[in-house]
Amino acid sequence: MIQSILHAFFPEVCLVCKRLLYEKEQHICLHCLYALPRTGFLQRKENELFLKLANRFPLASAQALFFFHKNNNSQKLLHGIKYHPKPNNATWFGSLMGQAWQESGRECPDVLIPVPLHEKRKKERGYNQSEALADGFASIAPSLVLPDALCRTIYRSSQTSKGKTERWAAAESIYKQNEGIDLKGKSVLLLDDVITTGSTIEACSQALFAMDIAELHVYSLSMAV
Ligand SMILES: [Zn+2]
């Protein structure tokens, strides 16, 4: 009832096509949701993302829900989860990731660790979209979210290209482990919003393996192609 009243006075629009949403729709209209290019990776262990990353560091599994193509709907989607004034778009898509994980019959990992933003960047944006994805995942597939297990030590200006940042990530240890958190022997699921070259994930994995984790799974909302 309250939902209906709120919807009548504050109708929400689809974050991709901007059309007014029906009452039962959330964040994205059904047409745009079904049009997003799904990867089908959860059904295949040796998928393209796994093969891209597995020869670079020990990896138990790698998943992405959607393919990301520049200048199409998936770009609007990623923009919507990163720059919306509130993290609720990202949390909702995180719950879709959790639902797909559950439906694939996989066990929940011991802990979820979102790829961290630098503190200054998090303050500018108001939230870390990967942390919001992890919260959404955990709302469906109960797991412990540890957003402070890793921290990012280098701030990137908005003029720096993502490719350049990823090269830095590969060359230097830009992610540091939190000494106060014990991850020894844990299975870890590392979450991100988009994987491009994989160097960010690789840099995070170095910090996580230095914490003696038992196994690493990677799950991203999207994979750039
Ligand atoms: Zn739409």
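## Helix α7

Helix α7 spans residues 129-140, 12 residues in all. From first C-alpha to last it reaches 17 Å, close to the 16 Å expected at 1.5 Å a residue (1.5 Å times one less than the number of residues). Helices here are DSSP runs of H or I, at least four residues, and strands are runs of E, at least two, numbered from the N terminus.

The model is predicted: local features need pLDDT of at least 70, side-chain atom pairs count only at pLDDT 80 or more, and totals for chains, interfaces and linings use all residues. Residues are numbered from 1 along each chain as its sequence is written.

## Burial

Of the 12 residues of α7, 10 are buried, so the helix is largely enclosed by the rest of the structure. Buried means 20 or more other C-beta atoms within 10 Å of the residue's own, with C-beta atoms placed from the backbone. Among the buried residues are L133, D135 and F137. Their cover includes α4 (73-83), α5 (88-103) and β6 (187-195). Across the 225 residues of the chain, 39% count as buried.

## Packing against α5

α5 and α7 pack at about 45 degrees, their axes 6 Å apart. Axes are lines fitted to C-alpha atoms over the stretch in contact, and angles run from 0 to 180 degrees between N-to-C directions.

Residues in contact have C-beta atoms, placed from the backbone, within 7 Å. Contributors include W92 and F93 of α5, and L133 and I140 of α7.

Terms used: Two residues are in contact if their C-beta atoms, placed from the backbone, lie within 7 Å.
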